[in-house]
Amino acid sequence: MAQHGSDEPRDVSDRVRRARGWGLHFASNVNNVSKLVSNTLAINKVPYSEPSYKEGFPTWVKPGDRKLLQSSSPASQANIVVAKDGSGNYKTVKEAISAASSRSGSGRYVIYVKAGVYSENVEIGNGLKNIMLVGDGIGKTIITGSRSVGGGSTTFKSATLAAVGDGFIGRGITIRNTAGPTPQQAVALRVGSDLSVFYQCSFEGYQDTLYVHSQRQFYRECDIYGTVDFIFGNAAVVFQNCNIYARSPPNKTNTITAQGRTDPNQNTGISIHNCRVTAASDLKPVQSSVQTYLGRPWKEYSRTVFMKTYLDSLIAPAGWMEWSGNFALSTLYYGEYSNTGPGSSTANRVNWSGYHVITSATEASKYTVGNFISGGSWLPATNVPFTSGL
């Protein structure tokens with residue numbers, strides 16, 4: 001299987017190693033930096049605690065954002081409107097994002113994108129905080145691109161939409177990468193926005209569809225389509241009440257997740273809670289000839305859990321797949337808790353020491369919205385509904 005592009009440094013060690021002009025005599029400094037980072041992570045490791053929830057969202061979602069997310073017409077509160085037909089303030093999403101960068105204040109800034117197909121690559125940069133993109137619904141407002149590694153891009157830069165500025169909210173939008181099943185990595189959405197929320201959105205691609213790059217993220221009632229490693233990255237992320245659709249892959253193997261935790265003290269991982277994992281329409285006719293796995297370890301301390309999720313018959317009996325030989329099989333943490341469906345049996349799962357059939361609700365609760373991403377402190381303000389516990 002093709003591996004992810006190496007264009008984006010994954011940790012401090014990578015950044016140092018890649019800096020030009022650094023010789024071998026700096027190797028000890030690199031190790032010192034790595035140790036310092038690990039020590040800092042250990043010192044600052046957040047203990048699990050059950051925060052409060054309000055109106056179905058973690059409390060980090062502010063009351064105003066809660067109202068926007070719950071509103072039947074959030075577009076009516078838009079600061080600016082994007083419309084291909086010229087009936088709005090701008091005709092492209094990029095123009096609207098550019099305009100938002102010159103706004104005064106740091107409060108929530110709502111960009112309403114009317115129904116239509118917007119063929120563009122959009123980046124919401126680090127300096128653009130509290131942006132909300134709201135569309136007319138899945139399949140109606142569509143942002144689409146086709147960059148891929150096979151087409152000369154990098155994994156990191158192939159994203160159709162990249163959200164980096166903190167507090168980003170997306171609602172009612174389809175984000176698509178149409179590069180297809182063979183040009184290797186082709187990201188639809190990349191997210192490095194802390195306290196970001198996606199509600200009733202669809203992410204469509206093949207390999208590497210959704211790059212949950214970093215920070216705390218929450219996805220509710222979203223659709224995710226892909227083939228190889230199509231939910232990957234090193235964020236602390238919870239998917240809740242989402243539909244995960246595996247597509248027909250060119251090499252007869254699907255891997256849903258490829259989590260990238262590089263240090264055991266990082267509070268990162270992928271938690272898939274109360275979701276549905278099924279075959280997309282193109283996979284169903286050939287499902288018997290394709291092996292679909294819940295995930296594989298991209299990095300040494302890869303961490304992923306599936307909880308109370310419906311797993312259809314497409315899931316291979318082993319459940320999980322190696323990345324390369326014995327790499328990470330004893331250091332990863334993969335868990336399954338109270339899943340249902342024909343693909344949920346753990347009787348023939350892998351026997352790696354890092355794999356766990358979770359039977360304790362207390363253990364499973366570590367990966368809930370309330371505990372894993374401290375959702376109670378920030379989600380309520382977004383008005384996106386959520387379940388705090390199991």
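Student: What share of the contacts in the protein chain between residues at least 6 apart in sequence joins residues at least 24 apart?

Tutor: In this predicted model, the share is 71%. A contact here requires heavy atoms within 4.5 Å.

Student: What makes up the secondary structure of the protein chain?

Tutor: The chain has 6 helices and 28 strands. A run of E counts as a strand from at least two residues, so strand 26, at 310–311, qualifies.

Student: What is the order of the open sheet of 11 strands, and in which sense do its strands pair?

Tutor: The order is 3-4-7-10-13-16-19-22-25-27-28, and the pairing is parallel. Strand 3 (80–82) and strand 28 (355–357) stand at the edges, because each has a single partner strand; one side of each is therefore left without a neighbour in the sheet. From one strand to the next, the twist averages 10°.

Student: Which strands stand at the edges of the open sheet of 8 strands, and why?

Tutor: That sheet runs in the order 5-8-11-14-17-20-23-26, again with parallel pairing. Its edges are strand 5 (116–119) and strand 26 (310–311), each with a single partner strand, so one side of each lacks a neighbour in the sheet.

Student: Why are strand 7 and strand 10 called a pair?

Tutor: The criterion is at least two bridges between the strands. Strand 7 (residues 131–134) and strand 10 (residues 169–171) have 3 bridges in the parallel sense, so they pair. Within this arrangement, V134 stands opposite R171 in strand 10. In the other sheet, strand 14 (residues 202–204) and strand 17 (residues 223–226) also have 3 bridges and run parallel, with F203 bridged to I224 in strand 17.

Student: How many bridges link strand 22 to strand 19 and to strand 25?

Tutor: Strand 19 (residues 236–240) and strand 22 pair over 5 bridges, and strand 22 and strand 25 (residues 303–307) over 4 bridges. With at least two bridges required, both count as pairs, so strand 22 has these two strands as partners. Among the bridge partners are F239 with I272 in strand 22, and H273 with M307 in strand 25.

Student: What makes strand 22 mostly covered?

Tutor: A residue is buried under 20% relative accessible area, and 5 of the 5 residues of strand 22 (residues 269–273) are buried. In a regular strand, side chains alternate between the two faces of the sheet. Here G269, S271 and H273 are buried on one side, and I270 and I272 on the other, which leaves both faces covered.

Student: Where do the buried residues of helix 3 lie around the axis?

Tutor: The buried residues of helix 3 are D65, R66, L68 and L69. They cover an arc of only 160° around the axis, so they are on the same side of helix 3. Helix 3 (residues 63–70) lies across strand 4 (109–113), strand 7, strand 10 and strand 13 (196–199), at about 15° to strand 10.

Student: Which residues of helix 4 are buried, and what covers them?

Tutor: The buried residues are V93, A96, I97, A99 and A100. Their arc around the axis is only 160°, which places them on the same side of helix 4. Their cover includes strand 3, strand 4, strand 5, strand 6 (122–124), strand 7 and strand 8 (141–145). Helix 4 (residues 93–100) itself lies across strand 3, strand 4 and strand 7, running at about 165° to strand 4.

Student: Are C242 and C275 buried or exposed?

Tutor: The cut-off for buried is under 20% relative accessible area. C242 has 1%, so it is buried; C275 has 2%, so it is buried as well.

Student: What share of the residues in the protein chain is buried?

Tutor: Of the 390 residues, 56% are buried. The accessible surface of the chain is about 15,400 Å², and 47% of it belongs to carbon and sulfur atoms.

Technical notes
Residues are numbered from 1 along each chain as its sequence is written. This is a predicted model: local features need pLDDT of at least 70, side-chain atom pairs count only at pLDDT 80 or more; totals for chains, interfaces and linings use all residues. Side-chain values use heavy atoms; hydrogens and water are left out. Axes are lines fitted to C-alpha atoms, for helices over the stretch in contact, and angles run from 0 to 180 degrees between N-to-C directions. Buried means under 20% relative accessible area, exposed over 50%, partly exposed in between (1.4 Å probe, protein chains only). The arc is that of the directions from the helix axis to the C-beta atoms. Accessible areas come from the Shrake-Rupley method with a 1.4 Å probe; for residues, only the protein chains shown count as cover.
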